[in-house]
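I opened the notebook to write down what I looked up in one protein chain. The entries follow the order in which I checked things.

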Amino acid sequence: MAAATVSGIAPETRPPARIRPAALPSCPYCGIPLDAPPVGAGRCTRCRRRMVVRHLARRPVYLTEAAVEVFDDARRREADERRWAAERERWLRRAAGVGAAPDRVRRLERAPASAEAVCAARDLYVTAADREVRAARRTKDWTRVSLVRREEAATLFRDAGSPVPPPDGVIRQHQEAAAAALRAMEGARHADLVGASCCPACRADDGRTFAIAAELRAPRLPHAGCPRGLCACDWWIATEEPTKPRRRTRASVRATASATPAVPCGTDTASAARIVPAGQAVAASLTRSDASPVGPAASAAPRDAATA
Ligand SMILES: [Zn+2]
Ligand SMILES: [Zn+2]
């Protein structure tokens, strides 16, 4: 009887592609219509065998005991496949946004939804983002570098479960984004930090002006110790360049007199204390390829004259 096979999945059959609730409640063993269907589990009034109730689309489904496991597995699988498909779609959309090859995106879209397909879509996004950043760096499109890296850092941070502190790789990406934002301010020697209001560390720097060269060497964003992990603080082009010249101390005179090339405006003690190994690595790699927008002139600039 049709109703019996719909509501009671025979144990030897494989789970159907789509499980639907029965139109009329009936015993999954003998198929007799159930005048008083059981709520959780109960016995058929005719064959006396035990049936189990599950729900689909808010409607009850009456199953043989042997079919329950198959039914539950099929439902779990359906839920997994929906989740995988949604996750894959999100990764592929991001990948397309950073110039992933359309045919690779389409191929992954067409593959069956699985955990492996999600990983492949994520890898495609990361690879495409790297390629996009390399291309943007070659043309010195720092705005694009900043945009892609910042988005990537935030995405991979969420994907990792938003741990505090964030993974080193995510911090490096965020730092690369911040450095690129500074480089995009062509010709500027100073930048204003627009701080988020999430924590004392971020609030403390809000509105302060910093020398760009010093920031490239020792990035302070994301703020260490911010409970958000990746803070929303960002750089804006300085509303006005600090004009007061820094008083030349004995140390700075010695530094100028030495054979080392002019060092841009000194790192203040606060940022020096904040230097993290990852940041140094990024700053170093950025400095190597830098056509510095700051240059030696920055050495005469004041440290971090607060504008606020
Ligand atoms: Zn911050
Ligand atoms: Zn914060």
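These are my notes, from the overall counts down to single contacts.

**Entry 1: the whole chain**

I noted that the model is predicted. I counted the elements and found 11 helices and 6 strands in the protein. I then looked up burial: of the 308 residues in the protein, 34% are buried. Next I took the contacts between residues at least 6 apart in sequence, and 68% of these join residues at least 24 apart.

**Entry 2: a hairpin**

I looked at strand S2 (residues 50–56) and strand S3 (residues 59–64). The two run antiparallel and are joined by 6 bridges. One pair I wrote down is Val53, whose bridge partner in S3 is Tyr62. S2 and S3 form a hairpin, and 2 residues lie between them. In the turn I checked Ala57, which has a positive phi of about 50°.

**Entry 3: an open sheet**

In which order do the strands of the open sheet of 3 strands stand? I read the order as S5-S4-S6, and the pairing is antiparallel. Strand S5 (209–211) and strand S6 (234–237) each have a single partner strand and stand at the edges, so one side of each has no neighbour in the sheet. On average, neighbouring strands of this sheet are turned by 45° against each other, with direction ignored.

Strand S4 (residues 190–194) runs antiparallel to S6, and 4 bridges join the two. Within this sheet I also noted Asp192, which stands opposite Trp236 in S6.

**Entry 4: helix H2 against helix H4**

Two packed helices are described by the angle between their axes and the distance between the axes. I looked up both values for helix H2 (residues 65–97) and H4: the axes come within 8 Å and cross at roughly 15°. Angles under 35 degrees count as roughly parallel, so H2 is roughly parallel to H4. The crossing of H2 and H4 is left-handed.

I listed the residues that make the contact. From H2 these include Trp84, Glu87, Arg88 and Trp91. From H4 they include Ala117, Val118, Ala121 and Tyr125. Sorted by class, the contact of H2 with H4 holds 11 nonpolar and 4 charged residues, and no polar ones.

**Entry 5: one residue of H4**

I picked Glu116, which lies in helix H4 (residues 115–138). Is Glu116 buried or exposed? I found 12 other C-beta atoms within 10 Å of Glu116, and a residue with 12 or fewer counts as exposed. Glu116 is therefore exposed. I also compared Glu116 with Trp84: they are 32 residues apart in sequence, and 9.1 Å apart in space from C-alpha to C-alpha.

**Entry 6: helix H4 against helix H5**

I turned to the packing of H4 with helix H5 (residues 142–159). The angle is about 160°, and the axes are 9 Å apart. Angles over 145 degrees count as roughly antiparallel, and H4 and H5 are therefore roughly antiparallel to each other. The crossing of H4 and H5 is left-handed.

Which residues of H4 and H5 meet? On the H4 side I wrote down Ala129, Glu132, Val133, Ala136 and Arg137. On the H5 side I wrote down Arg144, Val145, Val148, Arg149 and Glu152. The contact of H4 with H5 divides into 5 nonpolar and 5 charged residues, with no polar ones.

Notes: Residues numbered from 1 in each chain as written. Chains lettered and ligands numbered in written order. Predicted model: local features only at pLDDT ≥ 70, side-chain atom pairs only at ≥ 80, totals over all residues. Pairing = 2+ DSSP bridges. Axes fitted to C-alpha atoms, helices over the stretch in contact; angles between N-to-C directions. Buried ≥ 20, exposed ≤ 12 C-beta atoms within 10 Å, placed from the backbone. Parallel < 35°, antiparallel > 145°, perpendicular 65-115°, else oblique. Left-handed = near helix turned anticlockwise from the far one by under 90°. Contact = placed C-beta atoms within 7 Å. Nonpolar A, V, L, I, M, F, W, Y, C, P; charged D, E, K, R; others polar.
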